[in-house]
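Open the structure and keep the sequence beside it. We will go from a single side chain to the cores and then to the pockets.

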Amino acid sequence: MNVQDLTPKDVFSYFAEIASIPHGSNNLDKITEYCINFAKNHNLEYRKDEAGNIVIYKPGSLGLEGHEPVILQGHLDMVCEKVEDSPINMETDSLELMTDGEWLWAKDTTLGGDDGIALAYCFALLASNDIKHPPLEVLFTANEEVGLMGAHGLDVSMLSAKRLINLDSEEEGIITVSCAGAARITSEIPVSKQKLNPDDSVAFEITVGGLLGGHSGVDINSHRKNAGKILAELLDWIFNKVRISISNFQCGGRLNVIPNTASMVVACSKDKKAVTQTIINDFVHLMKKECLSTEPGITFNVKEVDVPAEGSSPAGTRQLIFALMECPHGVTEMSPDIDGLVQTSINLGRIDYSNNTLTMSYMARSNADYGKKVLIRKISLLSEQLQGVMTIDTDYSAWEYRLDSPLRDTMVQAYADFYSEVPIISALHAGLECGIIGEKIPNMDMASIGPTIKYVHSPMERMNIASAKRSYDYLLRVLEML
């Protein structure tokens with residue numbers, strides 16, 4: 001079955017076109033050009049601001065021209081992740097879409113359903129001449145996946161509406177009305193080094209992979225392992241019995257992705273080679289046993305490599321291991337008000353040890369600003385203790401629950417009419433642009449919906465086709481009622 005055979009045909013046709021255009025974060029020139037050409041070809045007004053955000057305007061349909069306008073909002077960029085041996089260059093190549101009629105995915109890469117389906121919905125709406133809707137202000141934001149940068153730079157003069165439907169949720173049947181605030185934090189720790197002698201030393205490159213990874217907000221409570229933390233634990237095991245020197249440690253990339261692979265180079269004296277190998281083998285055996293139910297695909301690769309010219313000194317090794325073991329990762333507090341909701345968490349998304357410096361980068365999230373402040377303080381204290389420095393790249397507040405929401409009431413009624421059941425009203429432990437937009441435009445009435453998408457931000461990402469159709473039809477029902 002081909003993607004073009006899926007229904008709604010117009011939605012999936014646009015999704016396929018979007019997937020053919022490379023549009024990872026900070027690589028948006030072509031998708032931006034596509035949006036602008038779309039507006040011109042359909043004789044629709046548009047504006048673009050300096051942050052790369054685009055708004056396309058469409059008058060209300062017959063009979064709804066005088067209704068209050070509504071903003072439909074999604075983001076232009078996708079997270080580009082792929083399996084380790086994939087030859088695809090996601091900076092330049094199209095995605096290879098695959099479907100079995102029930103699910104849609106991309107071969108060996110992320111699908112970009114987050115947030116390509118929002119773009120496809122909006123293009124289908126904007127191109128249609130027979131859908132009932134109020135005046136539309138369709139907002140495509142730039143670089144959401146790298147700190148919600150488009151929303152931060154949004155020129156709000158492009159917008160007049162006071163109600164907004166965000167199309168960046170990934171579970172059908174849920175209307176999201178609140179989300180976590182977040183901060184991107186970097187800690188830099190100095191690590192002393194020493195010269196290594198290749199005549200009396202041996203070095204191993206150790207790589208862990210095959211982990212599930214996933215979204216650092218949505219999946220943070222799913223017991224998924226952090227590849228960097230696994231190697232930190234292995235380092236500690238070795239260091240308890242063998243004097244070692246660490247020459248390199250690399251893990252992760254995007255701060256909103258739980259790292260699924262990491263590697264390091266460790267050196268020891270030649271007379272400790274056998275005992276080091278035994279320690280590594282014992283650790284691998286126990287870790288695979290630990291991960292039977294949560295990370296069944298975990299892999300380890302250990303190979304002997306040339307001894308590097310330099311590595312951490314004994315004091316530097318101790319400092320590096322202490323930092324990696326003590327740095328926070330995972331859920332720190334569950335919500336006392338909403339059953340099952342993570343209130344505060346932190347993702348150790350990137351580790352880079354090179355050039356005498358250990359750099360650890362985090363995404364801290366909280367649906368309560370207090371929890372986020374505590375996490376920031378913990379990282380600050382750890383950095384100070386190790387003579388390092390901490391910096392904060394972005395820091396934004398949570399989107400708080402609104403008691404009085406006419407938009408939410410309409411969406412609940414439309415849901416009951418369409419599905420013959422009541423939707424779940426939920427808060428999300430992840431960053432949506434609603435929080436930032438709400439800060440910029442006071443009294444904005446907002447809600448977020450979307451179809452069911454699994455394993456977001458990982459090469460396993462897949463979208464349920466029937467859910468995508470129902471969610472689109474439901475959106476049309478909402479617009480008709482607005």
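The side chain of Ser-128 makes a polar contact with the side chain of Asp-130, at 2.7 Å. A polar contact is a pair of N or O atoms within 3.5 Å; within protein, one must be able to donate a hydrogen and the other to accept it, and residues adjacent in sequence count only if both atoms are side-chain atoms. Ser-128 lies in the loop between α3 and β6 (136-141). Helices (H or I, at least four residues) and strands (E, at least two) are DSSP runs, numbered from the N terminus. Ser-128 counts as buried because its relative accessibility is 13%. Buried means under 20% relative accessible area, exposed over 50%, partly exposed in between (1.4 Å probe, protein chains only).

This is a predicted model: local features need pLDDT of at least 70, side-chain atom pairs count only at pLDDT 80 or more, and totals for chains, interfaces and linings use all residues. Residues are numbered from 1 along each chain as its sequence is written, and side-chain values use heavy atoms, with hydrogens and water left out.

Now find Ile-244, in the loop between α5 (227-239) and β12 (245-252). Ile-244 is buried, because its relative accessibility is 4%. Ile-244 and Pro-314 are 70 residues apart in sequence, yet 7.4 Å apart in space, C-alpha to C-alpha.

Next come the cores. A nonpolar core is a set of buried Ala, Val, Leu, Ile, Met, Phe, Trp, Tyr and Cys residues joined through side-chain atoms within 4.5 Å. The largest has 70 residues, and Leu-97 and Ile-165 have the most contacts inside it. Helix α3 (residues 113-127) gives the largest share of this core, 10 residues. Another core, of 52 residues, lies apart from it; Tyr-353 and Ile-376 are among its members.

Finally, look at the pockets. A pocket is an open set of points on a 1 Å grid over the protein atoms alone, where a 1.4 Å probe fits, with protein on both sides within 12 Å along at least five of seven lines; lining residues have an atom within 4 Å of a point. The largest pocket has a volume of about 720 Å³. Its lining has 27 residues, and Glu-171 and Ile-174 are among the closest to its centre. Strand β20 gives the largest share of that lining, 5 residues. The second largest pocket holds about 350 Å³. Volume here is the space filled by probe spheres set on the points, with grid points joined across faces, edges and corners.
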